[in-house]
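User: Hi! I'm new to reading protein models, and I'd like to go through this one with you. Could you show it to me, please?

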Amino acid sequence: NAYSEAFEVPQGVRIFGGWEGTPGTELLTDNANEVYTSTARNLKDKKARVATGTGNIMVSGTGAVLDGFIVSGAGANSTSGLVTVTNADAWANAIEIDDQKSIASSYAVSVLGGKATNILVSRNNKGVFVDTNGKLVNATIAQNTAASNFGGTLFNSIYWGNGGTVATAGTIKYCAFQTADSDMTGMDPEN
């Protein structure tokens with residue numbers, strides 16, 4: 001179902017997609033290492049889908065985790081993203097936002113604190129925002145039609161074929177950049 005309100009992942013809640021659904025393979029643990037090494041998890045073929053409608057997904061609580069989801073929808077007309085990480089101890093991992101042409105939020109993904117890893121943001125009408133407290137690692141950001149802003153850390157990522165400008169006032173390391181225009185404000189060619 002599509003939601004019209006924000007979906008919040010609160011403090012201490014971890015939501016993992018990518019399970020085969022075979023009875024007896026459920027993990028009854030809060031040990032993240034067991035989740036990532038489980039043979040019952042299949043992120044290639046079994047990512048869970050979330051349709052947000054006009055709501056947003058907020059990963060906002062201390063220790064909150066959203067992992068292994070394909071997200072679609074418009075999101076709310078707000079200054080955040082369709083998916084937003086807002087707490088220094090929150091984490092979004094293995095999230096895909098692809099081919100969403102009607103996102104009303106300011107960005108497809110916003111990292112306002114905490115970290116987002118293994119993120120795919122492609123072919124959308126909005127870009128990505130990482131503020132000074134955010135960290136985006138192993139991201140592919142490709143063929144979006146709007147601007148992106150990297151004020152925090154962008155590490156080991158690809159930014160390719162996007163429209164709009166890109167501002168890079170934060171720390172950019174081990175990244176491949178190609179933009180539609182040459183305005184890469186703050187980009188350090190040594191990194």
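Analyst: Happy to! Let's begin with one side chain: that of N144 reaches the backbone oxygen of V121 at 3.0 Å. This is a polar contact, a pair of N or O atoms within 3.5 Å; within protein, one must be able to donate a hydrogen and the other to accept it, and residues adjacent in sequence count only if both atoms are side-chain atoms. Please keep in mind that this is a predicted model, where local features need pLDDT of at least 70, side-chain atom pairs count only at pLDDT 80 or more, and totals for chains, interfaces and linings use all residues. Residues are numbered from 1 along each chain as its sequence is written, and side-chain values use heavy atoms, with hydrogens and water left out.

User: Which backbone nitrogen lies 2.9 Å from a polar atom of the N144 side chain?

Analyst: That is the backbone nitrogen of N124.

User: Where is N144 found, and is it buried or exposed?

Analyst: N144 is in the loop between β12 and β13. Strands (E, at least two residues) and helices (H or I, at least four) are DSSP runs, numbered from the N terminus. N144 is buried, with a relative accessible area of 1%. Buried means under 20% relative accessible area, exposed over 50%, and partly exposed in between, using a 1.4 Å probe and protein chains only.

User: What else is N144 in contact with?

Analyst: Leaving aside neighbours within four places in sequence, its contacts include R123, K126, G161 and N162. Contact means heavy atoms within 4.5 Å. N162 is 18 residues from N144 in sequence, and their C-alpha atoms are 4.8 Å apart.

User: What about Q143, is it buried or exposed?

Analyst: Q143 is exposed, with a relative accessible area of 52%. Q143 also lies in the loop between β12 (140-142) and β13 (148-150). Its phi is near 55 degrees, a positive value in a residue other than glycine.

User: Which phi does N118 have?

Analyst: N118 has a positive phi of about 55 degrees, although it is not a glycine. N118 sits in strand β9 (residues 114-122) and is partly exposed, at 37% relative accessible area.

User: New topic: which residues touch the most other members of the largest nonpolar core?

Analyst: They are I95, I97, L136 and F150, in a core of 34 residues. A nonpolar core is a set of buried Ala, Val, Leu, Ile, Met, Phe, Trp, Tyr and Cys residues joined through side-chain atoms within 4.5 Å. Strands that each supply at least two residues of this core include β7 (91-98), β8 (107-111) and β9.

User: Why is β8 largely enclosed by the rest of the structure?

Analyst: Five of the five residues of β8 are buried, so this strand is largely enclosed.

User: Which way do β8 and β10 pair?

Analyst: They pair in the parallel sense over three bridges, and S110 stands opposite F129 in β10. Four bridges join β6 to β8, which also run parallel. Two strands pair if DSSP finds at least two bridges between them.

User: And how many helices and strands are there overall?

Analyst: The protein has one helix and 19 strands. Buried residues make up 46% of its 191 residues.

User: Last one: what sits over the ring of W91?

Analyst: The charged end of K115 does, 5.2 Å from the ring centre. A charge counts as over a ring if NZ of Lys or CZ of Arg is within 6 Å of the ring centre and within 35 degrees of the ring normal.
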